[in-house]
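Subject: Structure handover

Hello,

Here is the structure we spoke about, with notes on what turned up in it. Please look through the model first and then read on.

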Amino acid sequence: MTSHKTWQVAGVLLVLGLLSTAASAQPVGSLWSGPADPACIPVPANYKTPNGPELSKLCGGAWHMFDRGGVTGTGTAGYLGGIWVTTADKYPAPADYTGDGFDDVSWFYQGVWNVYETLNPTPGAAPIMAMWLGAHTADCKPITGNFTGDAGLELATFCPSTATFRVFTPAEPVATLLTTFQAVDGGGTPLTGSPMRAFGADFDGDGFDTLTVFLNGNWWQYDYNTGTLDRNFWTGPASGGEPVPIDWDGDGSVEPAVFNSGALTLYSDDAPTFDRGLWIGNVGNERFISKLTQE
Ligand SMILES: [Ca+2]
Ligand SMILES: [Ca+2]
Ligand SMILES: [Ca+2]
Ligand SMILES: [Ca+2]
């Protein structure tokens, strides 16, 4: 089984088949999606078709979707449509908010969380969900997932400046706060440093996502119910590098991986232990690796 991950380099969207490769990874597809724009953030998700995620990018407020279409080799990505959602400084948060099996275009910024119709996008259309999560500073970023132990989607935010998680049940016009806690180290001291990347991922395959912070090579995982540190492990590097939480072996649970200066290092989740390293190039493009970076 092959897991796929999407990278964007300049205007080219790359789809990598991780297990189909040896030490030097070759993309299974390379699609041109338009002029290079350093403002564009890749946001692949399952927006419109039942055959897996579409390629997508958010460029200065315009959300463009492209058909991957099982393409191999190179070509120009088929344009599926676009939505003008916002100005440039918002953080994308695509997920299935409506429960129809398709991911919805969404963004968060400073407490506002908006969701847009994706299947039949209309440029300039109003959001189909508009939620207020309370005042948040501009560094706070959105995380979606299932954290609580029930089946529903939750909204979470993480603010690096205070190392604070907040978790909400989606609701209009005001989302319901479920819990809030600080990400702390083993001594109970709130994490400090930069860049601090926070996300939810299901590392043990039980169906629930664990709120996690990646900071300078350390992965810090927290128990949703208590807000306490559940597990900490080190993969490196001590500076730089971006976390890539992904089920790269297809067993239903997420493994840690790190992209740093052109190299992708994959770990098995026992311990975790080093599994393999792939050279995929693109030195200096860490910020484009996924929606996690969001800068
Ligand atoms: Ca949906
Ligand atoms: Ca839930
Ligand atoms: Ca889990
Ligand atoms: Ca896995």
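The protein averages a pLDDT of 82, and 79% of the residues score at least 70; pLDDT is the predictor's confidence in each residue, on a scale from 0 to 100. Over residues 290-295 the pLDDT is below 50, yet this stretch has 16 contacts in the model beyond near neighbours in sequence. A contact here means that the C-beta atoms of two residues, placed from the backbone, lie within 7 Å.

On conventions: this is a predicted model, in which local features need pLDDT of at least 70 and side-chain atom pairs count only at pLDDT 80 or more, while totals for chains, interfaces and linings use all residues. Residues are numbered from 1 along each chain as its sequence is written, and chains are lettered from A and ligands numbered from 1 in the order in which they are written.

Overall make-up

The protein has 24 strands and zero helices. Both are DSSP runs numbered from the N terminus, with at least four residues of H or I for a helix and at least two of E for a strand. Of the 295 residues, 38% count as buried. Buried means that 20 or more other C-beta atoms lie within 10 Å of the residue's own, exposed means 12 or fewer, and partly exposed is in between, with C-beta atoms placed from the backbone. Among contacts with a separation of 6 or more, 38% are between residues 24 or more positions apart.

Cores and strand S13

The largest nonpolar core has 51 residues, of which Ala 156 and Val 213 touch the most other members. Such a core is a set of buried Ala, Val, Leu, Ile, Met, Phe, Trp, Tyr and Cys residues joined through C-beta atoms within 7 Å. A second, separate core has nine residues, including Val 244, Ala 257, Leu 264 and Leu 278.

Leaving aside neighbours within four places in sequence, the contacts of Ala 156 include Ile 143, Gly 145, Phe 147, Phe 165 and Leu 211. Strand S13 (residues 141-145) and strand S14 (residues 154-159) run antiparallel and are joined by five bridges; two strands count as paired if DSSP finds at least two bridges between them. Five of the five residues of S13 are buried, so the strand is largely enclosed by the rest of the structure. Lys 141, Ile 143 and Gly 145 point one way from S13, and Pro 142 and Thr 144 point the other way.

One open sheet has four strands in the order S9-S10-S11-S12, with antiparallel pairing. Strand S9 (91-92) and strand S12 (129-132) are at its edges with a single partner strand each, so one side of each is left without a neighbour in the sheet. S9 is joined to strand S10 (residues 105-109) by two bridges, and Pro 92 stands opposite Trp 107 in S10.

The other open sheet to mention runs S21-S22-S23-S24, again four strands with antiparallel pairing. Its edges are S21 and S24, each with a single partner strand, so one side of each has no neighbour in the sheet. Strand S22 (residues 257-260) pairs with S23 over four bridges, and the bridge partner of Phe 259 is Leu 264 in S23. Strand S23 (residues 263-268) pairs with strand S24 (residues 273-279) over six bridges, with Leu 266 facing Arg 276 as its bridge partner in S24.

Backbone points to check

The hairpin of S23 and S24 has four residues between the strands. Within it, Ala 271 has a positive phi of about 100 degrees although it is not a glycine. Ala 271 is exposed, with 8 other C-beta atoms within 10 Å.

Gln 110, also not a glycine, has a positive phi of about 50 degrees. Gln 110 lies in the loop between S10 and strand S11 (112-116) and counts as partly exposed, with 15 C-beta neighbours inside 10 Å.

There are cis peptide bonds to look at as well. The bond from Ser 194 to Pro 195 is cis, with omega near -5 degrees, and Pro 195 is in the loop between strand S16 (176-182) and strand S17 (196-201). Gly 236 and Pro 237 are likewise joined by a cis peptide bond, with omega about -5 degrees; Pro 237 is in the loop between strand S20 (229-234) and strand S21 (242-243).

Regards
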